[in-house]
Amino acid sequence: MTEPPEASAAAAQPAPGASTGSSGAAEDPPPAGSGAAGPRSATARATAAGVIVSLLLIIAIVLGSRLLENFDSALLPYAVATVFLAFGVAYRYTVWISAPGARRLFRKGWGSLFSAANFRRAPTALPKMIATYLGFQKFLGARSHARWAAHQLIFWGCILASLITFPLTWGWFTFTSGSGSGPGYEMRIWGFKIIGFDSLDILGWLMFHGLDIAAVLVIPGACYFLWRRMKDRGAITGQRFGYDLVPLIALIVISVTGLLLTFSSIFLHGGGYEFLAILHMVAVVFTLIYIPFGKFFHIVQRPAAVGMQLFKYTGRQDEKVFSCRRCEEPIDTAPYVENLRGTMRDLSLDFDAWTEYCPRCKRVLRGSAYLSQVKKGFK
């Protein structure tokens with residue numbers, strides 16, 4: 001059995017006369033991307049990406065609404081917020097993948113997603129992972145069934161709200177009536193008629209109350225997590241107000257004010273509608289701008305993680321499982337271990353050989369090195 005070279009070299013003393021790098025010897029060059037030039041170049045790339053994505057969205061809004069013919073000026077604040085959202089997501093994502101570890105995750109993940117070889121080898125793997133890992137998030141069920149259910153309520157409620165809100169805000173969806181006040185309506189996408197419906201039947205009710213359904217899904221899920229963060233000691237210890245509590249409060253405020261708008265229009269004959277509409281708009285705009293720089297950003301990161309799961313899955317299919325050098329227990333797939341070693345080398349971490357050992361053996365080797373080199377003879 002062998003130890004990593006770092007374990008045996010940890011206690012080694014420099015030879016007499018050997019250079020320590022303080023003078024008279026060439027120092028190692030700094031890693032790529034370090035120093036002032038690295039952050040500045042990453043910021044410049046991120047800003048350029050944000051500007052390009054924002055401009056593309058503005059062009060899509062103009063063209064999709066038929067040169068703003070179908071654009072509702074009352075929804076302008078929401079549309080402006082989505083432009084800021086596009087800029088923030090592109091900016092944050094570009095900064096994220098500028099780091100060595102995230103850059104490798106990005107390349108390997110998306111490379112696996114769009115790999116023709118992976119599709120030929122396992123054609124059903126990607127759809128299954130999208131459904132189980134991205135859609136139904138089965139990995140959360142291993143932690144807690146209640147947390148999984150609450151997360152599913154928030155996830156599908158937000159998906160439904162996004163599919164309705166964004167196209168309406170951009171003028172891509174329109175509902176028109178030949179009589180001006182219904183009950184017959186036509187739903188048009190980019191100006192083309194898709195379906196006609198009666199607002200008094202079940203389909204019409206679902207069409208006009210989709211956002212209310214989304215709110216009913218989101219409220220219990222967000223309230224559960226808010227309650228948990230008020231009661232669970234583990235959650236209380238590490239939580240931050242702006243990062244952990246604000247997103248939940250924002251979701252609840254958006255959902256409640258949205259339901260109150262419907263309540264006002266149906267039961268109060270529009271009483272308090274203007275105030276609720278402004279409060280709802282402020283909450284939505286704030287949340288959209290907050291998404292790229294808060295906890296909600298993991299929504300944007302998750303697809304790359306699906307690609308990494310596919311990367312590991314294809315490695316197991318090829319039987320490329322890497323075993324611990326000491327106890328020979330399987331660690332992970334060989335490509336994944338090599339990818340981890342590459343990331344550590346990118347970060348100039350000089351102990352990447354430790355990735356070839358399982359967690360238990362790492363602890364044993366560190367303890368053995370401590371006893372033999374630091375506390376010799378200690379029992």
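**From single residues to helix packing**

Reply: Leaving aside neighbours within four places in sequence, Ser 54 is in contact with Val 83, Ala 86 and Phe 87. The model is a predicted one, and Ser 54 has its place in helix 2, which covers residues 37-64.

Me: Is Ser 54 buried or exposed, and what is its relative accessible area?

Reply: A residue counts as buried when its relative accessible area is under 20%. Ser 54 falls under that cut-off and is therefore buried, with a relative accessible area of 8%.

Me: Which backbone oxygen does the side chain of Ser 54 reach?

Reply: Ser 54 lies within helix 2, and a polar contact requires N or O atoms within 3.5 Å. The side chain of Ser 54 meets that limit at 2.8 Å, and the atom it reaches is the backbone oxygen of Gly 50.

Me: Where does Gln 137 lie, and what is its relative accessibility?

Reply: Gln 137 is found in the loop between helix 6 and helix 7, and just after helix 6 it takes a positive phi of about 45 degrees. In helix 6 itself, residues 125-135, the buried residues include Ala 125, Met 129, Tyr 133 and Gly 135. Gln 137 counts as buried too, because its relative accessibility is 4%.

Me: Which residues does Gln 137 touch, not counting those up to four places away in sequence, and which backbone oxygen does its side chain reach?

Reply: Not counting residues up to four places away in sequence, Gln 137 touches Ala 131, Thr 132, Trp 148, His 151, Gln 152 and Phe 155. Its side chain also comes to 3.1 Å from a backbone oxygen, that of Leu 134.

Me: How do helix 9 and helix 11 cross, and which class of residue has 15 members in their contact?

Reply: The axes of helix 9 (residues 210-231) and helix 11 (residues 241-267) come within 9 Å and cross at roughly 145 degrees, and the crossing is left-handed. Among the residues making the contact are Ala 215, Ile 219, Leu 226 and Arg 229 of helix 9, together with Leu 245, Leu 248, Ile 252 and Leu 259 of helix 11. By class, three residues of this contact are polar, three are charged, and the class with 15 is nonpolar.

Me: How many nonpolar residues are there in the contact of helix 7 with helix 9?

Reply: Helix 7, residues 145-170, and helix 9 have axes that come within 8 Å and cross at roughly 145 degrees, in a left-handed crossing. The contact holds five polar and two charged residues, and the nonpolar ones number 18.

Me: Which strands are the edge strands of the three-strand sheet, and what is the average twist?

Reply: Three strands form an open sheet in the order 1-2-3, with antiparallel pairing. Strand 1 is joined to strand 2 (residues 184-189) by four bridges, and Thr 176 stands opposite Glu 186 in strand 2. Strand 1 (173-176) and strand 3 (192-198) each pair on one side only and are the edge strands, and from one strand to the next the twist averages 25 degrees.

Me: Which residue takes a positive phi in the hairpin of strand 4 and strand 5?

Reply: Strand 4 (residues 321-323) and strand 5 (residues 330-333) run antiparallel and are joined by three bridges, with Phe 322 having Asp 332 as its bridge partner. Six residues lie between the strands of this hairpin, and the one with a positive phi, near 65 degrees, is Glu 328.

Me: What percentage of the residues in the protein is buried?

Reply: The protein has 15 helices and five strands. Of the contacts with a separation of 6 or more, 60% are between residues 24 or more positions apart. Among the 379 residues, the buried ones make up 34%.

Key. Residues are numbered from 1 along each chain as its sequence is written. This is a predicted model: local features need pLDDT of at least 70, side-chain atom pairs count only at pLDDT 80 or more; totals for chains, interfaces and linings use all residues. Side-chain values use heavy atoms; hydrogens and water are left out. Axes are lines fitted to C-alpha atoms, for helices over the stretch in contact, and angles run from 0 to 180 degrees between N-to-C directions. Helices (H or I, at least four residues) and strands (E, at least two) are DSSP runs, numbered from the N terminus. A crossing is left-handed if the near helix is turned anticlockwise from the far one by less than a right angle, and right-handed if clockwise. Contact means heavy atoms within 4.5 Å. Ala, Val, Leu, Ile, Met, Phe, Trp, Tyr, Cys and Pro count as nonpolar, Asp, Glu, Lys and Arg as charged, and the others, Gly among them, as polar. Buried means under 20% relative accessible area, exposed over 50%, partly exposed in between (1.4 Å probe, protein chains only). A polar contact is a pair of N or O atoms within 3.5 Å; within protein, one must be able to donate a hydrogen and the other to accept it, and residues adjacent in sequence count only if both atoms are side-chain atoms. Two strands pair if DSSP finds at least two bridges between them.
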